[in-house]
Amino acid sequence: MTKVMSMAQAVEQFVPDGATVAMGTALEALIPFAAGHEMIRQQRRDLELVGPISDSLFDQLIGAGCVRRVTAAWLGNVSEGLGHCYRRACEHGMPRPLEVRDHSNFSIALALWAAAWSVPSLPTRTLLGSDIPSTNPDLSTADGLVHVKAVRPDVAVVHVQRADEQGRAHAWGPLGITEEAGLAADRVIVSCEDLVDADVTLSDPNRILFPETKVVAVVHEPGGAHPSPVQGHFKRDHAVYRDYAEESRSLEGFEGWLRQWVLELPDRASYMKRVDVEAIRIEHHRPSVPADFGYE
Amino acid sequence: MSSYTPQELMVAVASREIRDGDLVFVGMRLPILAYAVARNAHAPTARGLFEVGLMRDQPASAFLGTMGDPPNVTGALWATRMSNAMALMAQGQVDLGFIGGAEVDRFGNLNTSYVGDPRKPIVKLPGSGGGADIAILSRRWVTLMSHERRRLVDRVSFVTSPGYGDGTPGWRKRNGLLGGGPVAIITTLGVLRFPEGGGEAYLQSAHPGHDVDEVRGNTGWDLKVGDDISETSAPTESELTAIRRFDPDGFWTRGKGH
């Protein structure tokens, strides 16, 4: 049975209020902005966001009042600096107070691996000597090691280059903490640039990110990661990050941005009509040489 | 000698910290350019490692706004998961790391988390990212920062990425930190260096056009001056050419670059 549905349906069915949601797991690339914006439109509340760094998406969800807690290593705008909604939430409780569980990039990966392997925690030598464990109850120091408590997302949301209707997802480029987020999560939502036949995904099983049993929804969402880059499809849209940094500096500016780019739009297809797609489309393709899976 | 911006000087100085053959945990912003400059000059066999999950030899052939931009992936030596890049660092195989910071203190501890009480911060900064991991696990590291009294402070109120802790001899070893610690703080005014074995930063050189009094006056502690204090060598023509090739629009080095 096909798992293909619209983003509105996927968020409606699989991202309830209060859910723990992992996103942005490939760091600066393949960020599922379309999924995050749909969560804002559906007025999700009390989400716990989990990720390594978040290049603006978490800032937007926080500004929209969707988030109760963030478990992450870094939160801001990678090319521009601070996350202004994040600051307003932490410093002034606007639009609502936010709980922060700080990690490093290494420790958030370990927290997800611990959940993936069903152990309560994993030990590491990173974070020794740092004050980060003193503010995060998920980190403790004993026997000369830092013990990183498992973080188990209810749902991981990823954007990939291609997937089939059963949710076999192919992504390429650096993966960040995508695999451990998917394995740790109870369920995975996949959005993709290209919806392809199973013949394509199964021709290269090494490239399939997650077991299909984890994936509950497949959304064909071209441009679903904009303004983040998608190898082979889109460059990073630096100007959009710059404009967002400027507009979100004030609460009123952010609210204007939110109306224009999220609330007044029904879906991602309408959003992409407002983007100068030709300026960011990757034109020169460099496909890899196929692997030979022959057996006789 | 053509004119240059403070950021171009910082990139040139940072590139000189990279030794040939080093595996460099590159990070973001100016260090991306520093790696490209070094690789094209005195460090032709250096390799770059990026926490997103990439290893490269040649620098990317187009501008990078982030380490995850598509030009950084094309031609990579390895595209992988973050845990694998961290594994190399945990094994002591990363020779040099770069870390950005909002605040640094006399013992090289960095704060990128909170200004004020973490429970009610005056400023919430973005956080560690990979910074704490680099500070703890890489063999040596360097930080780059705008030289202001509010940034170079006596002691940071929150240690995101540890340097030499309280500055007592052997602090890192006693606390189980694997890597060697910070070796330099490169600022918009000068280069601060740490003694062999760690401890307190001292002024090694002031940049051209800046003197010792100005540097000390913009530092939040009584900055010691090295016996062999000198003027920082200005960027060479070839360094500037390389910087401008990799940052053609001055996004990092002629705009807000920090």
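Reply: Start with a definition: two strands pair if DSSP finds at least two bridges between them. Keep that in mind for this predicted model.

Me: How many bridges join strand 7 of chain A to strand 8 of chain A?

Reply: Four bridges join them. Strand 7 covers residues 139–142 of chain A, and strand 8 covers residues 145–149. The two run antiparallel. For one pairing, take A:Ala142, whose bridge partner in strand 8 is A:Leu145.

Me: What lies between the two strands of that hairpin in chain A?

Reply: Two residues. One to look at is A:Asp143, which takes a positive phi near 55° in this hairpin.

Me: Which way does strand 6 of chain A run against strand 8, parallel or antiparallel?

Reply: Antiparallel. Strand 6 spans residues 121–124 of chain A, and four bridges join it to strand 8. Check A:Ser121: it stands opposite A:Lys149 in strand 8.

Me: Now the whole chain. How many helices and strands does chain A have?

Reply: The secondary structure of chain A comes to 12 helices and 12 strands. The radius of gyration of chain A is 19 Å, close to the 19 Å that the globule rule gives for 296 residues, so chain A is as compact as a globular protein of that length. Along its principal axes, the C-alpha trace of chain A spans about 55 × 50 × 35 Å.

Me: What percentage of chain A counts as buried?

Reply: Here the cut-off matters: a buried residue has 20 or more other C-beta atoms within 10 Å of its own. By that count, 53% of the 296 residues of chain A are buried. Now look at sequence separation. Take the contacts in chain A with a separation of 6 or more: 73% of them link residues 24 or more positions apart.

Me: How many residues does each chain give to the contact between A and B?

Reply: Chain A gives 47 residues and chain B gives 46. On the chain A side, the elements that give two or more residues are strand 2 (47–55), strand 3 (67–77), helix 4 (84–92), helix 5 (105–116) and helix 6 (132–135). Strand 3 of chain A supplies the largest share, five residues. By residue class, the chain A side divides into 23 nonpolar, 14 polar and 10 charged.

Me: What ipTM does the predictor give the complex?

Reply: The ipTM is 0.97, and the pTM is 0.97. For chain B, pLDDT averages 95, and 98% of the residues score at least 70.

Notes
Residues numbered from 1 in each chain as written. Chains lettered and ligands numbered in written order. Predicted model: local features only at pLDDT ≥ 70, side-chain atom pairs only at ≥ 80, totals over all residues. Contact = placed C-beta atoms within 7 Å. Nonpolar A, V, L, I, M, F, W, Y, C, P; charged D, E, K, R; others polar. pLDDT = per-residue confidence, 0-100. Rg over C-alpha atoms; globule rule 2.2 N^0.38 Å. Buried ≥ 20, exposed ≤ 12 C-beta atoms within 10 Å, placed from the backbone.
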